[in-house]
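Me: I have a structure open and would like to go through it bit by bit. Can you take my questions as they come?

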Amino acid sequence: MSNGEKVWSLGEGQAPEDLDKPVDTPPLSSLLIERPQGGSITVGGDISFVAKVEAQDLLRKPTIKWFKGKWMDLASKTGKHLQLKETFDRRTKIHTFEMHIIKAKDNYAGNYRCEVTYKDKFDSCSFDLEVKGLLHCLSLRRTAKNTRHEDAGDLDFSGLLKHREPKQDETPEVDVWEILKSARPDQYEKIAFEYGITDLRGLLKRLKKTKKEEKKSEAFAKKLDPAYQVDKGGKIRLVVDLADPTVELKWYKNGQEIRPTPKFIFEQKGTQRIMVINNCGLNDDAAYSVAAGEEKCTTELFVKELPVKITKEIEAVKTTVNERIELACEVSEEGAQVKWCKNGVEVPTGPRSRYRVKSEGLKHWLIIDDASKEDTGTFTLMASGGTSEAKVQVELKPLKIIQDLQDMTVLLGQPLKMHCEIFPGNVPGRWYRNGQLIQSNDPYSIHLFSCFDRNHRLEIVNSTIHDAGDYTFVPEGYSQSLCAKVHIVDPPRVHLESLNFPDNTVTIVAGNKLRVEIPISGEPAPRVVWMKGERVSADLGQNKLHWVILDSGHRVRAETFSDHTSLTIDIAEKEDTGNYKIVLQNEAGEAGASIKVKVVDIPDPPEVPLVTEVGGDWCSMTWEPPIYDGGSPILGYFIERKKKQSSRWMRLNFDLNKETTFEPKKMIEGVPYEVRVFAVNAIGVSKPSEPSKAFVPLGDEPTMLVVDDVTDTTVTMKWRPPDTIGAAGLDGYLVEYCIEGSKKVTNKELTEKTKYTITGLPPEAKILVRVRAINAAGASTPRTLQHSILIRIPRHLRQTYTRKVGEAVNLVIPFMGKPRPKVSWLKEGQTVDPTQVTIRNTDCDSIIFIRKAERKHSGKYDMKVEVENHVDTAIVDIQIVDLPGPPQCVKIDEVWGGNVALDWTPPKDNGNAAITGYTIQKADKKTMEWYTCIEHYHRTCITITELVVGNEYYFRIYSENMVGLSEGATQTKDSALIVKEGMQLKNPEYIDHDFKEPPKFTQPLINTFAIAGYNATLNCSVRANPRPKVIWMKNKIAIIDDPRYRMFSNQGVCTLEIRKPSPYDGGMYSCKAINYLGDALVECKLEVKGQFGL
């Protein structure tokens, strides 16, 4: 068998003949709910053993151990042949422990034991494993067949033997045992092959055992017996006889050396060595061994536990509920395991149980802190040597009513809480309403809260009408009951939400009938009053809403029924518009609600339309909406026109015009017209407005006004005639222009051509141009150029454009000019390399693009724009920056005290950007860990201070520009050693500052409003030295020993607290601070308002 297979084998700790001996275990408690059962398997098979423990009353996981034989713990033997698993089912609260044996061997057979412990509880179970195999007869002769083997191992010659042809054995028989005993170990394999032995490993084991048996002990004349037995609490002597009395002797228990103690006493008589074990306990049940030099002999000690007898019986108990019960009993042995039962069932003693178990010495108690009637029964104490039982009788205490139920009146929907108090406490009971039992799942949302000691409560979260009636509480087990009446009242309510009126507004067309029915509720039925709000004039020209009780007449009347009230208006009029209020009253309270009645009608006529602009056959008109829209939004307008001399109006639109502007068309040029407007809402069309003033249509404006040519001082414009020319014809065109920032200039004479040149313009000027058409009806609207005309190229982009190395450069330089300008670029006077810089030109801009900028792209780029004989230039300065190099020549100038002066020169490469600072770091020579002393330092010399005396420092410096810190740093070649120097300290003389000052308030009191019944505080802060005396005054009278006021002063903050002030506590309050240097005073006004702002 290999080393990996030997780690959990039977081993040498127990002889095979001891496997079937019964194993003594300590007293058991019922932890295992499923015990592992014995079984049998064939060699090479698998088997599993399962143990289950219920964790219902356990606070933590129990401890389990698996043993083979008496003492071999299998926890350290796990491997490919043995596996131990643990699982826990949270739903059933059960721990499952499994032991799996894989590919079993012959020597796996034997007795196994499973032990479970939890605190002082213990449980154990033994089981057997039988391994069945094909037994072969081992012959020690050449003609013998294969023997029974534990493991073929690596030396399996069965394959070779199968291919050999059988021959008749004519040689004499040979005793292989004698050959092996006399042979050297290196010849074992050769002998096994020669004589056909396949189970060499098993044969060698037997040979080794045989040799051990033949070996005689040289150290021991007499060894320990194989086993000893002693009663629990007794004494035993383990004796060995030494062949050599001078040899060193050591005793062991389970492999641990035993030292002399009062429990373990070592004695010596001649060649005998004796170990005495006093007061044997269960923990002394173990394997013992004694070592003399290199030899060792072993034995096992079995401790027999005596039966526990009951020395004092349990006494019967008769008591009442809620009392404490203690059942006491004495046994013959301290720490004995006992079991308490009630009516033959074990008493639960977990953390959530009502029962507690206590033991002290020989005494055991079962305690019930709060006895109930269910505790009546027969209680039994079970020990290993006997039982004791006694009867417990628990009776009810006489009922005493401390607080009876009270009659109640509760608002509908509010919580209903009923309470009573009886003695004794913790007595359950039942609640009844009108003789019917109240269940916890009552459909009316009833929740029961009862048995809080002596108090019993019934709470209804949301009371309903059904909850009114007679309530009774009946304590369980008693004939007495407690009664009370509950009356449910419902304040009146107006249910406007059921009407589905937007904003509670009812709309009715004038002349129609209106009837509004509003649901109401209340218990008892409320009284209903209708009121209408009328606006009356108040001071300062404001209107105030005044409510007037509505008188029921023939046209307007109000009616009230059991579940609703109604308002009826037979013929609605404009005056019926307004707010209507409903007021409900009953004994439970008052409620109100408002609705708005809106009577709608056709709108008033719009205002007189105004003609703002007139064209050749059209005009533009506008008007104001009507003053009164009829109570309904204006949907649109109808427009009509007529000739001034005619009386026939013609409608211009058949679809409503939503806006208050309109453009009538298809009019005759030079003929006077009038227009009018109708307003339309959802009710109908209004009366027409008053006609507008008469107007005459004019000609259309010119079209397609463009710039034809631009020079330094002239601009040539051209256009086309109007699209339509009326009957009045066309007399000519009027050209108007202005330079930005100056007055308008007009040509003096009309031009009949559609082209005109404006002369005498200054260079680099922007001008605006417009053209009007002129006929007998007058000048048309002007046609204006959409943008100003720019003659020269603008000059801008004077600032430097900065980018980091690797970033993209994308510049767009706009320009203007007519006709299309010609653009060219130069860099430092040379043509731009198109492989390095990409340039794209359009009609209005030029784009310069560099995909990945490098420092060589830095420089000034000249842009040249040409328009005929006009030239303009712009310079773009591009700067590509990178990280700087490290500083140069960093050296230590001077070292004194804890200071070091450093000096350096700027870096050779500044990264094409100005150096913005330096970062200085230091490092101790011992650790060479760098720490930053200062960042963003601008000078090239610095003094580093606060260095530790005795340390030696190196320094390094980084340079920094707008891109960041340099990649490397320059370090000092030499180090600076901080040496301690002798110094004489001359203490300077200081003149004590005079902190004395008279009182001065740094935070004054402020005027305060307070609410009656709520505490109010007044705060201020004062500064003074010495500490001033603070006096609070009300109306210039000092406040002294008044319990309604509390005064605090903490670090100059003075506080006056007024407890639950009333309106009489208002007035002028002042705070005065006094010391011997002077005094100061601050005041404020306190106004106390009522709880409702009155």
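Me: How many Å² does the accessible surface of the protein chain come to?
Reply: About 65,200 Å², and 49% of that belongs to carbon and sulfur atoms. The areas come from the Shrake-Rupley method with a 1.4 Å probe, and for residues only the protein chains shown count as cover. This is a predicted model, in which local features need pLDDT of at least 70 and side-chain atom pairs count only at pLDDT 80 or more, while totals for chains, interfaces and linings use all residues. Residues are numbered from 1 along each chain as its sequence is written, and side-chain values use heavy atoms, with hydrogens and water left out.

Me: What percentage of the residues count as buried?
Reply: 37% of the 1094 residues in the protein chain. Buried means under 20% relative accessible area, exposed over 50%, and partly exposed in between (1.4 Å probe, protein chains only).

Me: And how many helices and strands?
Reply: Five helices and 84 strands. Both are DSSP runs numbered from the N terminus: helices are H or I with at least four residues, strands are E with at least two.

Me: How many bridges join strand 78 to strand 82?
Reply: Six, between residues 1016-1025 and residues 1053-1058. Asparagine 1019 stands opposite threonine 1055 of strand 82.

Me: Different topic. How many salt bridges in the whole structure?
Reply: A search finds 35. The criterion is a side-chain nitrogen of Lys or Arg within 4 Å of a carboxyl oxygen of Asp or Glu.

Me: What does lysine 397 form a salt bridge with?
Reply: Glutamate 323, with the closest N and O atoms 2.7 Å apart. Lysine 397 is in the loop between strand 27 (386-395) and strand 28 (400-403), and glutamate 323 is in the loop between strand 20 (317-320) and strand 21 (325-331), so the pair ties together parts 74 residues apart in sequence.

Me: Is lysine 397 buried or exposed?
Reply: Lysine 397 counts as buried because its relative accessibility is 14%. Glutamate 323, at 32%, is partly exposed.

Me: What about arginine 493, which partner there?
Reply: Aspartate 490, at 2.3 Å between the closest N and O atoms. The aspartate is buried at 6%, while arginine 493 is partly exposed at 35%. Elsewhere, salt bridges with shared partners join Arg324, Glu326, Arg356 and Asp369 into one network.

Me: Last one: where is glutamate 267?
Reply: In strand 15 (residues 264-269). Glutamate 267 counts as partly exposed because its relative accessibility is 30%.

Me: Which residues is it in contact with, neighbours within four places aside?
Reply: Glutamate 267 is in contact with Arg237, Gln272, Arg273, Ile274 and Val276, where contact means heavy atoms within 4.5 Å.

Key. Two strands pair if DSSP finds at least two bridges between them.
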